[in-house]
Amino acid sequence: MPGININDSINLFSKLTFRRVVNGIKVLSSFYISKWLKRPVQWGYPVSISFEPTTSCNLRCPECPSGLRAFTRPTGMLQNDFFRTTIDDIHQHILYLIFYFQGEPYLNPDFLSMVKYASDKKIYTATSTNAHYLTDENARKTVESGLDRLIISIDGTTQEVYQQYRVGGKLSKVIEGTQNIVKWRKALNSKTPFIFFQFLVVKPNEHQLEEIRQMAKELGVDEVRFKTAQVYDYETDPNQLIPTLDKYSRYAKNADGTYRPKNSLKNHCWKLWHSNVITWDGLVVPCCFDKDAMHQLGNLKQQSFKAIWNNDNYRQFRAELMKSRKNIDICSNCSEGMSVWKEE
């Protein structure tokens, strides 16, 4: 999870219970023991999980499988009853629940009722949205749901720049949605959600960093975070998205003009110990880099979460990762171990 400011941190720590603290200690200690022994040892259950509300999206962003309609897996909506059953099984252990993997969460009509259900279980909840569906009504319902963190993706301060990455999007809708959520948070005298702009730094928008800070301040947004972009064809970067500002790039330029990931892959990964991802239809996958769910470690419609977390598939995947991570395809473009969020 990205960095947290003081007020947001207090809110997160308010969700801690004795059982969640013990679980966190088990997970952290087993991770370091695994690194020491050079073989996987897994204690406890995830501290954080990501649940995918939908694979559908209204935009067509060039580095997003959902936007490109490039999935081999089916498109669909997370069902409320299935979500509640899963949360009932694991809510005593998890601290942080991210309502996002692929797609636009607000397209799922049951999305905010699921947020409310998790919030009532005293789980810290977060989501990421392109803000095109933050109507006045949805903004009010969002605040009332108890959502703790709202990430608004805004990758430009002018329509001309914004639409170069957020293809099909309207900056005016993002601004309107932001105004709605700020208005209702104030009207309902609520401290949540913590609102921040996520600015994905790519070559077309790298000149607008100061402008987005000013826009956020004027709109009443709590914080701006600059995020480095994952580029699939990074070696040649045909879409010319890799920024010229090295600080905001996940890739280093070679002498011949090609690129390579800055991150050196070590044979361990914190994500495989403390978090995982659940697709809309119940598939459990290792992390957010497995966007097409090619590494299915279990199916929640066939097996309980707790059984999956310690099953043979999970144990084998962790063992392979600790033996030769570079041979796992989804790890080749991974940012684990490097700073993705460049501004706090």
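I started at Pro193, which I found in the loop between helix 8 and strand 5. Helices here are DSSP runs of H or I with at least four residues, strands are runs of E with at least two, and both are numbered from the N terminus. This is a predicted model, where local features need pLDDT of at least 70, side-chain atom pairs count only at pLDDT 80 or more, and totals for chains, interfaces and linings use all residues. Residues are numbered from 1 along each chain as its sequence is written, and side-chain values use heavy atoms, with hydrogens and water left out.

**Entry 1: backbone**

I looked up the peptide bond between Thr192 and Pro193 and found it cis, with omega of about 5°. For context, I noted that most peptide bonds are trans and that most residues other than glycine have a negative phi.

Next I went through some positive phi values. Lys38 has a phi near 60° and is not a glycine. Lys38 sits in the loop between helix 2 (18–37) and strand 1 (48–51). Its relative accessibility is 66%, so Lys38 counts as exposed; the cut-offs are over 50% relative accessible area for exposed, under 20% for buried and in between for partly exposed, with a 1.4 Å probe and protein chains only.

Gln240, also not a glycine, has a positive phi of about 50°. I placed Gln240 in the loop between strand 6 (223–228) and strand 7 (251–253). Gln240 is exposed because its relative accessible area is 51%.

**Entry 2: helix 8**

Just after helix 8, I found Asn189 with a positive phi of about 50°. Does the length of helix 8 fit its residue count, or what span should I expect from 17 residues at 1.5 Å a residue? Helix 8 (residues 171–187) should span 24 Å, and its end C-alpha atoms are 24 Å apart, which agrees. The expected span is 1.5 Å times one less than the number of residues.

I then listed the buried residues of helix 8: Leu171, Val174, Gly177, Thr178, Asn180, Ile181, Val182, Trp184 and Arg185. They pack against helix 6 (136–145), strand 4 (149–153), helix 7 (159–165), strand 5 (194–201) and helix 9 (209–219). Contact here means heavy atoms within 4.5 Å.

**Entry 3: nonpolar cores**

Which residues touch the most other members of the largest nonpolar core? They are Phe51, Phe83, Leu97 and Phe197, in a core of 88 residues. A nonpolar core is a set of buried Ala, Val, Leu, Ile, Met, Phe, Trp, Tyr and Cys residues joined through side-chain atoms within 4.5 Å. Helix 5 (residues 111–120) gives the most to this core, with six residues. Another core lies apart from it and has five residues, among them Phe101, Val277, Leu283 and Ala293.

Not counting residues up to four places away in sequence, Leu97 touches Ile49, Phe51, Phe83, Ile87, Ala118, Ile123, Tyr124, Thr125 and Ala126.

**Entry 4: rings**

I counted 15 aromatic pairs. Rings of Phe, Tyr and Trp (its six-membered ring) pair if their centres lie within 6.5 Å; planes under 30 degrees apart count as stacked, over 60 as edge-to-face and the rest as tilted.

Tyr96 and Tyr124 form a stacked pair, at 4.9 Å centre to centre and 25° between the planes. This pair links distant parts of the chain: Tyr96 is in strand 2 (residues 96–99) and Tyr124 in strand 3 (residues 124–129), 28 residues apart. Both tyrosines, Tyr96 and Tyr124, are buried.

Phe305 and Trp309 are stacked too, because their ring centres are 6.2 Å apart and their planes meet at 15°. They are four residues apart in helix 11 (residues 305–309), so about one helical turn separates them. Phe305 and Trp309 are both buried.

I also found one aromatic cluster formed by Phe51, Phe82, Phe83, Phe99, Tyr106 and Phe111.

Two charges over ring faces went into the notebook. Arg318 lies over the face of Trp309, 4.7 Å from the ring centre, and Lys291 lies over the face of Phe289, at 5.3 Å. The rule asks for NZ of Lys or CZ of Arg within 6 Å of the ring centre and within 35 degrees of the ring normal.

Is Ser275 buried or exposed? Its relative accessibility is 11%, so Ser275 counts as buried. Ser275 belongs to strand 9 (residues 275–278). Leaving aside neighbours within four places in sequence, Ser275 is in contact with Pro46, Ser48, Pro286, Trp309 and Tyr314.

Asp312 belongs to helix 12 (residues 312–324). With 54% relative accessibility, Asp312 counts as exposed. The side chains of Asp312 and Arg315 are joined by a polar contact of 2.4 Å. A polar contact is a pair of N or O atoms within 3.5 Å; within protein, one must be able to donate a hydrogen and the other to accept it, and residues adjacent in sequence count only if both atoms are side-chain atoms. Finally, I looked up Asp312 and Leu297: they are 15 residues apart along the chain, with 8.6 Å between their C-alpha atoms.
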